[in-house]
Amino acid sequence: MSLNEDEQSHSLFHQTSHPINERSKLNEEYLNKYETWKTQPGMAQIKLEFIDFDHEIRFKIEHLSETDKKLVTDTNNETNPAEEPKKKKFKGQNKKHLEINARSASNYNDHQLCYFVIRGGIANCSYQSNCKHSHDLTTYLSRRPTDIDSKCYMFDTYGQCQFGILCRFGQAHIDPVTGQNIIVLRPNQIYIEPLNKLPPLLKHLLRRKKYDYTLADRLVRIANKQITKLNVAKRNNPSTTDDDKANEKHHDDNDVGEKEDRSLVDIYYSALKKTDPNPIEASETENVKTDVPVNDGDQQQEQTSRPVPFRTLGAITDVDMIRLKPREKVRIDFNRRLYLAPLTTVGNLPFRRICKEYGCEITCGEMSMTTSLLQGQQQEFALLRRHPSETIFGIQLCGSFVDTMTRTVQMLEENFDYDFIDINCACPIDLVYKKGAGCAITRRTIDFERICRSISCLSTRPITIKLRTGIFTNENNAHEIISLAKSWKSEHDDNHVVDLFTLHGRSKEMRYSKSADWNYVDQCAKLSDPIPLYGVGDIYSFEDYYQKLNETNVSGCMIARGALIKPWLFTEIKEQHAWDISASERFDMLKRYANYGLEHWGSDHSGIERTRRFLLEWISFLYRYIPVGLLERLPHRLNERPPYFFGRNDLETLMASKLCSDWVKLTELLLGKVSSDFQFLPKHKANAYG
C-alpha cells in the first residue's frame with residue numbers, strides 16, 4: 001500500500017459523509033416505509049438512523065464488458081424520462097466471467113528473463129551462454145515498471161522474496177544498480193512452502209501416461225467381479241440363509257473371488273500372493289514403476305512422498321518399520337468440529353488461512369476433477385495445495401468412473417499429504433452433472449458402490465461423502481444413499497467403508513432459492529448412526545449453529561456461505577457471542593488476505609492480478625455482511641436482504657456497496673491501481689445472494 005493509498009484508507013476510517021437519521025426530522029412517508037420493512041418477510045431489520053431513504057439507484061458500468069455496457073445504456077435510454085431509470089438485473093451465475101476477466105488481463109510476462117536470474121543465481125543456469133532467456137538485468141531495469149509500494153511483505157516477513165527483480169514491491173530487496181535480489185536471513189522467521197506441490201517427475205509421468213496404475217486397476221477388476229457376483233446372487237436367491245453364508249467361510253483361501261463374505265482387502269492380498277513371487281517385499285516397497293532407468297533411483301524415489309522402509313536416517317519408529325495396510329486406516333474424530341466446506345473459486349489457500357486464524361478446525365480443498373488430475377494439469381493440482389497451519393485437511397474429488405477415481409486415489413496416496421478424501425456427490429453444476437459426476441452419481445448406485453469400495457480398500461485415510469437431499473425438489477433420495485453406504489463394511493474388522501456423511505439440506509434443482517430442510521437432515525442423521533453426519537445450510541450465527549446442533553441428531557455443522565460472508569463466524573461460535581467487528585478490523589483482514597495471496601500466487605504482475613481477482617470474488621460475498629451495530633434484531637438470517645443503508649463511517653459504507661466499481665476501489669487500496677482496460681465480472685452476479 002503506497003503512502004497516498006494509506007492516507008486515503010485512514011481517512012475512510014474516520015469520515016462519515018452521511019449524517020445519522022433522526023426520527024423527528026423524517027417525514028411520514030419515510031416512517032411508513034420503515035414500518036413496512038419491519039414486517040416484510042425476508043427483509044433484514046436495520047436501525048432507523050442508518051437507513052438510506054434517499055439512495056440514488058445507480059449502476060456504474062466502469063468495469064463491465066462492452067456488451068453489458070451497451071445493454072445497460074440502451075435500457076436506460078428507452079425508459080420514459082419522467083420515470084425512474086430501470087436497473088438491469090443480473091441473476092444467477094456468470095457463465096462468461098472467465099472469458100471477460102481474461103480478456104482484460106494483459107500479458108506482462110514479456111520480460112524474457114531467465115528463471116535463475118530472477119531468483120538471483122545466474123551461476124546455477126545450466127545453459128549459460130546457450131540459454132534462450134535473457135541474463136541482462138540492467139536492460140530490464142531500464143524499463144521495469146514503477147513499484148506499487150516500497151515494502152515487500154515476503155521480504156519484511158522472511159528476509160527474502162523469491163520473485164526478485166519481478167516483484168512489484170521490490171525497492172527494499174533489489175539493488176538499484178545491478179538488479180540483484182538481496183537476501184537477509186532471519187533465523188526466527190523461516191519461509192515454509194505450502195505442501196502438495198506437483199513434483200516435476202510426477203507431472204512428466206502423468207502427461208506421458210507412464211504412471212504405473214497396476215495396483216488400482218487390479219483392485220478395480222476384483223471389485224467389479226465381486227460386486228457383480230453379489231448382485232446376481234441377490235437377484236437369483238434373495239432369501240439366502242445364515243447357514244449358507246456360514247458355509248462359504250470354509251472355502252479354500254486360493255479361491256479368489258469366490259467368497260462373497262470376504263472383504264476386498266483380503267481378496268486383494270490373496271491375489272498378490274498368487275501373482276507376486278515375494279509378497280512381503282511387494283507390500284513394503286512402493287507401487288510406483290516408471291520407464292526411468294533402474295540406476296536412476298533418486299528420481300524414482302522423488303515420485304512418492306512416503307518414507308521407504310529401512311532407508312531412513314535417525315531413530316526408527318513403528319511408522320518406519322510397519323507400513324499401514326488399507327485395513328488399518330488412520331481415524332479422525334469428527335465429533336463437533338468446526339468444518340469449513342470446500343468452496344469452489346473462493347475456498348482457496350489464502351482464504352482457508354484466514355478461517356484458520358478465526359478458529360476453523362477442519363478444512364478441505366476446492367473440488368478437483370479426477371480426469372484433469374490424471375492428465376497432469378497444473379491448475380488442477382494447484383487446488384490440492386495445503387498450508388502447514390491446516391491441521392486437518394481433506395482433498396475433495398469429483399468423478400464419474402471407478403477407474404479414474406481409483407487411479408487418482410492411488411496417485412494421491414503415493415505422492416501427497418492429506419488427512420481424508422471427500423467424494424463430491426453434491427455438485428449441482430450442469431456441466432458436471434451431465435458427465436455423470438456430482439449429484440448424478442447418486443443415481444448410479446452400483447457404480448457408486450464400486451467407487452467407494454475400491455477407494456476405501458486403496459486409501460489409508462478416512463473416506464467422507466458430501467451429498468444433497470436429491471436431484472429434484474420433493475424427491476429426496478439421500479436417505480437411500482446413506483442406508484446403502486452404511487451397509488458397506490469390512491468383514492474382518494466390521495468397520496464401515498464411509499467414515500463421515502455431510503448433507504446439504506437442499507436439492508440440485510433448489511440450489512439456494514429456499515431455506516435448507518433441516519428436518520430431513522435430522523432424519524438422515526438418525527439413519528446414519530453410528531456413522532457421523534454433518535448438516536450443511538444456512539448457518540450464519542452462533543445461535544444457528546448451536547440450535548441445529550442441539551435440536552437435531554447431527555454430529556456437527558459444516559459452514560459454507562456463512563464463512564464467505566463473515567469468516568469470523570468460527571470465533572463467534574467458539575466464544576458464543578455476536579462480534580460487532582469494526583470496518584478497520586475487516587479491512588485488516590483484507591490486508592492479510594492480500595499478503596497471503598502475494599505469498600501464494602506471487603508478487604510479480606501476474607501474481608498481483610490473480611490475487612486481485614480472487615479478492616474481488618470474495619468481496620462479492622463479503623459485501624452482504626450487515627454490521628451487528630446496525631441491526632434492529634439478532635440473529636440476522638442468511639437469506640435476509642437489507643434496505644439501502646449507510647455505515648458508521650465511509651469505509652463501512654464502501655464495504656457494503658453492491659457496485660463492482662467500489663469493490664475495485666477496495667483492492668486498489670491494497671494492491672495498487674488497475675489498468676484502464678480492467679474488467680471484472682464475478683462468478684456469481686453482484687446482486688445474487690445464492
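The buried residues of helix 15 are L349, P350, F351, R352, R353, I354, C355 and K356, where buried means under 20% relative accessible area, exposed over 50% and partly exposed in between (1.4 Å probe, protein chains only). Helix 15 spans residues 349-357, and eight of its nine residues are buried. Helices (H or I, at least four residues) and strands (E, at least two) are DSSP runs, numbered from the N terminus. This is a predicted model, in which local features need pLDDT of at least 70 and side-chain atom pairs count only at pLDDT 80 or more, while totals for chains, interfaces and linings use all residues. Residues are numbered from 1 along each chain as its sequence is written, and side-chain values use heavy atoms, with hydrogens and water left out.

**Overall composition**

- The protein chain holds 29 helices and nine strands.
- Of its 690 residues, 53% count as buried.
- Contact means heavy atoms within 4.5 Å; among contacts in the protein chain with a separation of 6 or more, 72% come from residues 24 or more positions apart.

- Helix 15 is followed by G359, which has a positive phi near 115 degrees.
- F351, one of the buried residues of helix 15, touches L340, L343, V346, A563, L564, P567, Y593 and W618, not counting residues up to four places away in sequence.
- A nonpolar core is a set of buried Ala, Val, Leu, Ile, Met, Phe, Trp, Tyr and Cys residues joined through side-chain atoms within 4.5 Å.
- The largest nonpolar core has 135 residues, and F351, M411, F501, L533 and W618 have the most contacts inside it.
- Helix 26 (residues 583-601) gives the most to this core, with nine residues.
- Domain 1 (109-194) and domain 2 (339-579) both give residues to this core, so it lies between them; the domain bounds come from an automatic or database domain assignment.
- Apart from this core lies another, of 15 residues, among them Y30, A44, I51 and L631.
- In soluble globular proteins, nonpolar side chains tend to be buried together.

- Strand 4 (residues 392-398) has seven of its seven residues buried.
- Both of its faces are covered, with I392, G394, Q396 and C398 on one side and F393, I395 and L397 on the other.
- Two strands pair if DSSP finds at least two bridges between them.
- Strand 2 (residues 362-364) pairs with strand 4 in the parallel sense over three bridges, and the bridge partner of C364 in strand 4 is G394.
- Strand 3 (residues 368-369) also pairs with strand 4 in the parallel sense, over two bridges; S368 has L397 as its bridge partner in strand 4.
- Strand 5 (residues 420-425) runs parallel to strand 4 and is joined to it by four bridges, with I423 of strand 5 opposite L397.
- Strand 4, helix 18 (residues 402-415) and strand 5 make a right-handed β-α-β unit; a crossover is right-handed if, with the strands pointing away from the viewer, the path from the first strand over the helix to the second runs clockwise.

- R386 lies in the loop between helix 17 (378-381) and strand 4 and is buried, with a relative accessible area of 6%.
- Leaving aside neighbours within four places in sequence, R386 is in contact with residues including P194, L195, N196, L349, R352 and D417.
- The C-alpha atoms of R386 and N196 are separated by 6.2 Å, although the two are 190 residues apart along the chain.
- N196 is found in the loop between helix 7 (153-158) and helix 8 (200-207); its relative accessible area is 8%, and it is buried.
- A223, in helix 9 (residues 214-236), is buried with a relative accessible area of 0%.
- A223 and I451 are 228 residues apart in sequence and 8.9 Å apart in space, C-alpha to C-alpha.

**Backbone details**

- N196 is not a glycine, yet its phi is positive, near 70 degrees.
- D538, also not a glycine, has a positive phi of about 65 degrees; it is found in the loop between strand 8 and helix 23 (542-551) and counts as buried at 17% relative accessibility.
- The peptide bond from D529 to P530 is cis, with omega near 15 degrees, and P530 is in the loop between helix 22 (518-528) and strand 8 (533-536).
- A cis peptide bond also joins L634 and P635, with omega about 0 degrees; P635 is in the loop between helix 27 (605-622) and helix 28 (650-655).

**Database annotation**

- UniProt, in an unreviewed entry, lists "zinc finger region: C3H1-type" at residues 108-138 and 151-176.
- UniProt positions are given in the numbering used here, feature names are shortened, and annotations may be inferred rather than shown by experiment.
- In the model, residues 151-176 are 23% helix and 0% strand, and their end C-alpha atoms lie 15 Å apart.
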